[in-house]
Amino acid sequence: SGRLATFTNHDHLNIVLAPHGALLRETVTTGVDYLVSAEDTGKIARAEQLGIEIITEEELNRMLLAQEG
């Protein structure tokens, strides 16, 4: 949610996430595991209501690096 520093656009992020089995979603729903948020948006409140973990871009990068091993 919001602008991320590392990823230039949604297509770029999809390319990075796909090999890890992740899908990028535009909306926050019960099928979402994480909300990557760069700014405080209405999506954060929705994610909290649904019990979705909210992570930073830095945390996402660490998770991706850990999977690459």
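My entries below go from the whole chain down to single residues.

**Ground rules.** I'm working with a predicted model, where local features need pLDDT of at least 70, side-chain atom pairs count only at pLDDT 80 or more, and totals for chains, interfaces and linings use all residues. Residues are numbered from 1 along each chain as its sequence is written, and side-chain values use heavy atoms, with hydrogens and water left out.

**Confidence.** I checked pLDDT, the predictor's confidence in each residue from 0 to 100. The chain averages 87, and 96% of the residues score at least 70. Among the elements, α1 has the lowest mean (88), while strand β2 (residues 53-55) has the highest (94).

**Layout.** I found three helices and two strands. These are DSSP runs numbered from the N terminus: helices are H or I with at least four residues, strands are E with at least two. Going along the sequence, I read α-β-α-β-α. The radius of gyration is 12 Å, close to the 11 Å from the globule rule for 69 residues, so the chain is as compact as a globular protein of that length. (That radius is taken over C-alpha atoms, and the rule is 2.2 Å times the number of residues to the power 0.38.) The C-alpha atoms fill a box of roughly 35 × 20 × 20 Å along the principal axes.

**Inside or outside.** I used these cut-offs: buried is under 20% relative accessible area, exposed is over 50%, and partly exposed is in between (1.4 Å probe, protein chains only). Buried residues make up 25% of the 69 in the chain.

**Cores.** Which residues form the largest nonpolar core? I listed eight: Leu-4, Phe-7, Leu-13, Leu-17, Val-36, Ile-55, Leu-60 and Leu-64. The elements giving two or more residues to this core are α1 (10-17) and α3 (57-68). Apart from this core lies another, of six residues, including Val-28, Leu-35, Ile-44 and Ile-52. A nonpolar core here is a set of buried Ala, Val, Leu, Ile, Met, Phe, Trp, Tyr and Cys residues joined through side-chain atoms within 4.5 Å.

I looked up contacts (heavy atoms within 4.5 Å), not counting residues up to four places away in sequence. Leu-4 touches Leu-13, Val-36, Ala-38 and Glu-57. Val-28 sits in the loop between α1 and β1 (34-36), and Val-28 is buried at 12% relative accessible area. Val-28 touches Leu-35, Lys-43, Arg-46, Ala-47, Leu-50 and Ile-52.

**A surface residue.** Is Gln-49 buried or exposed? Gln-49 counts as exposed, at 63% relative accessibility, and lies in helix α2 (residues 42-50). I also checked Gln-49 against Thr-29: they are 20 residues apart along the chain, and their C-alpha atoms are separated by 10 Å.

**Salt bridge.** I found one in the structure, using the rule of a side-chain nitrogen of Lys or Arg within 4 Å of a carboxyl oxygen of Asp or Glu. Glu-58 pairs with Arg-62, with the closest N and O atoms 2.7 Å apart. The two are four residues apart in helix α3, so about one helical turn separates them. Glu-58 is exposed at 53%, whereas Arg-62 is partly exposed at 47%. In general, side chains of opposite charge can pair when their charged atoms come close.
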